[in-house]
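The account then moves through confidence, strands, a helix and charged contacts.

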Amino acid sequence: MMMRSGLLLLLLPSLVNAKVDFTLNGRFYVPSGYKNGTTQGAPDLYGYGFGGLESSYYDASEKIFYGGSELGFITVTDFGDWPNAKLAPFDLPLEFDLTDIVVCGELLMIATKDDPNPGAVQVYQKSKRGENGTLSPPEFIQSVTVGYGPDYIMANENCSIVATANEGEGYYDDTVGLVNPEGSVSILRGPFDDASSPPFVTTVSLNEWSDDELIAQNVHLPLSLNAMIYYNSLNMSDFNVNFSGAIANYTTAAVLEPEYMAWNEDESKIYVSLQENNALVIVDVASGVAESIHSYGLKDHSKIPIDIVEDGACVLQTIEGLQTLRSPDAIVAFSRTLGSRTRQYILTANEGDDLEYEDFAERVSGGDVFVGAALAYSGMTASESVFDPSSLTKGSSRFYNSACDETNEATPFCQDAMRFTLGTSSVDYSNPEAPNIFQLVGIGGRGVSLFEVTGSGLELVWDSQDEFERLGCASFPFAHNSIQDEEFSPVGGAFYNSLPADDGLRETIDEMNDPDEDGCVDGGNGESGACPLKETVDERSAKDGPSPATVVFGNACGEQYMATSNEKNGIGYVYHLPVNGSSPCILSTFHLSPVSESLNAGLAYEAGTLGEVDAESLQFLSEEDSPTGKAAILFAGAWSSTVSLWEFNCVDEALTVITTTDAATSDADTTSDAVSTPFMGSAILGAMYALMSIL
């Protein structure tokens, strides 16, 4: 059976590309602040957990790397003599919270937010390299007001138009309750280099649709108007919210949150990804109108294996009645001319995200909803296919009920900590007095997806399915759905000491370093402290799993590739996208910080061996743009404040690799998404995989 599956692979029109090697070239540690609290000269405060590279951008023309710190400034680093990078003797302090950075032409542009006020784009003359090689500081030109909470900024190719994705993220005020600004897109038309002639700004409204229209199109609303009405009137002792003001001022745009953007091929359209809404909006640039909105769809885990059980092992299984929102963070758009037709594609990094305001959390554990024969939320109902109070061994919720019994053959596993959304993809709020749970939907697509933009919307043509978990388990079992973030900072470290004594995060760090709480007896040096990755295996399984936040796409060695990395566990993936239109196939699975297997983040940082933690900022560099002369990818870790350069090494001869499976390989392996197959609709792809599995 296995040989016949292997022989079928010989017929596929594209083969796994193996003429490229992807390796680490070098790494640089970026400071996060000043030891003496001043802002003169080069920053000199180093430490794990600061968020020194919450955003970043590499200016290839000057070989300068800009790093955005959560402490409110931008570092400037000279990559001209990479890997001997050198920090410039100055920084760029900012008055407001920075969210993103882009360089275009001679300009450095920074998106900043000033909640509860509208955000802005800060425009600077970028740093320049003098004849003697020294760098000049950026020079401020002007500030341009945009929408609320700009979270992403991009410029078109000739720098004449800049766009921001204004998330409009809500916040909770103890006096007035929930304040929820509208999400929007701002389009700025230059020139930008003359403060006396500011750019013209168009604000693109997302109030083109009603709640009902969006729900009918499967757009996810984490907190619709009817949901607000229900939770505002909910009478529970441990549940206290004030949504009255948000209800009175409600607009649909207030629950649509733009997170990321990309241009189409001719820059006439902007693709706007709404992470919390699991949807894409297409904006017409000329008219400044949001033309259409399209759901990314749900991932069906009755067909695609997943690990949701926190048992310290890597066990993937299909689960009846379980779906997940893809909820991508970053997206990338590219086009392909196949035959006589040019096709537009979008890649998505399906991280997963949710909303939380005071006592309301969109994300809930199954055991906090399904409590024995009752639902925890008063007035709420559930479809019988989900929850049957007369028989706890029936319904898709049976695995997640607080009273789940693993000794019953109907529930071979129990995971009441599994996280689900209470948004409209799972709950019908058409009657706000008696909302109905009609299906169970988790948050986070645990991989990457490839969509084609068609005349009717989005068509899913490829998905990594279970590959992120499966390949991660095979290569780095110590990092399977593991976690390290700022909470793993050392007690007494620079970041810990910078926090006020009554700061809640400081208390959390204490707990994460205490072996009697959530810490480990051995942090990697024989002493107690925060845990290394190998001690947190499976901790994210019931949550969002691998959680890839960013995806990039580019050319290397005459081929096209995409790359992504997981936010929490540090595993990265490079895929080859054959130019003949065949489906992506895995080139490399790697780890950004292998030392983290047995050494916690604080110790590894002090030893100078820590790699990237929370690498949300990636940049694909062509051979011409790379400081090494080889196509490369920069990975910038937010919490580690490190940036590494991984390069593509081209082998002289292309190796055509076709592997036939041996007797030890499972059927699931022979039907992997890693097999290169033509771009096609998911139904056709699934049929082909099914055929392969039975041959």
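The model is predicted; local features are reported at a pLDDT of at least 70, side-chain atom pairs count only at pLDDT 80 or more, and totals for chains, interfaces and linings use all residues. Residues are numbered from 1 along each chain as its sequence is written, and side-chain values use heavy atoms, with hydrogens and water left out.

Confidence comes first. The pLDDT, which is the predictor's confidence in each residue on a scale from 0 to 100, averages 90 over the protein chain, and 90% of the residues score at least 70. Residues 1-18 stay under 50; for this stretch the model has 48 contacts (heavy atoms within 4.5 Å) beyond four places in sequence. The pLDDT is also below 50 over residues 654-695, a stretch with 93 contacts in the model beyond near neighbours in sequence. Where pLDDT is low, the predicted coordinates should not be read in detail.

Two strands pair if DSSP finds at least two bridges between them. A residue is buried at under 20% relative accessible area, exposed at over 50% and partly exposed in between, with a 1.4 Å probe and protein chains only.

Strand β18 (residues 269-274) has five of its six residues buried. Strand β17 (residues 258-263) runs antiparallel to β18 and is joined to it by five bridges; within this pairing, Met 261 has Val 272 as its bridge partner. The two strands form a hairpin with five residues between them, and Glu 267 in the turn has a positive phi of about 65 degrees. Strand β18 also pairs in the antiparallel sense with strand β19 (residues 279-284), over six bridges. Here Leu 274 stands opposite Ala 279. The hairpin of β18 and β19 has four residues between the strands, and Asn 278 in its turn has a positive phi of about 55 degrees.

How are its two faces covered? In a regular strand the side chains alternate between the two faces of the sheet. In β42, Ala 632, Leu 634 and Ala 636 are buried on one side, and Ile 633, Phe 635 and Gly 637 are buried on the other. Strand β41 (residues 617-621) pairs with β42 in the antiparallel sense over five bridges, with Leu 618 opposite Phe 635. Strand β43 (residues 642-650) pairs with β42 in the antiparallel sense over six bridges, with Leu 634 opposite Leu 645. Between β42 and β43 lie four residues of a hairpin, where Ser 641 in the turn has a positive phi of about 55 degrees.

Helix α3 (residues 225-232) has Ala 227, Met 228, Tyr 230 and Tyr 231 as its buried residues. These residues lie on the same side of α3 because they cover an arc of only 160 degrees around the axis, taken from the directions from the helix axis to the C-beta atoms. Their cover includes β14 (177-179), α4 (244-248) and β26 (360-361).

The last topic is charge pairing. A salt bridge is a side-chain nitrogen of Lys or Arg within 4 Å of a carboxyl oxygen of Asp or Glu, and by this rule the count comes to 19. One of them joins Arg 343 and Glu 452, whose closest N and O atoms are 3.3 Å apart. This pair links distant parts of the chain, with Arg 343 in strand β24 (residues 341-350) and Glu 452 in strand β35 (residues 447-454), 109 residues apart. Arg 343 counts as partly exposed because its relative accessibility is 23%, whereas Glu 452 is buried at 5%.

Asp 485 and Lys 568 also meet in a salt bridge, at 4.0 Å from N to O. Asp 485 lies in the loop between α5 (467-475) and α6 (494-498) and Lys 568 in the loop between β38 (559-566) and β39 (571-576), so the pair ties together parts that are 83 residues apart in sequence. Asp 485 is buried at 7% relative accessibility, and Lys 568 is buried at 16%. Finally, salt bridges that share partners join Lys 269, Asp 284 and Glu 291 into one network.
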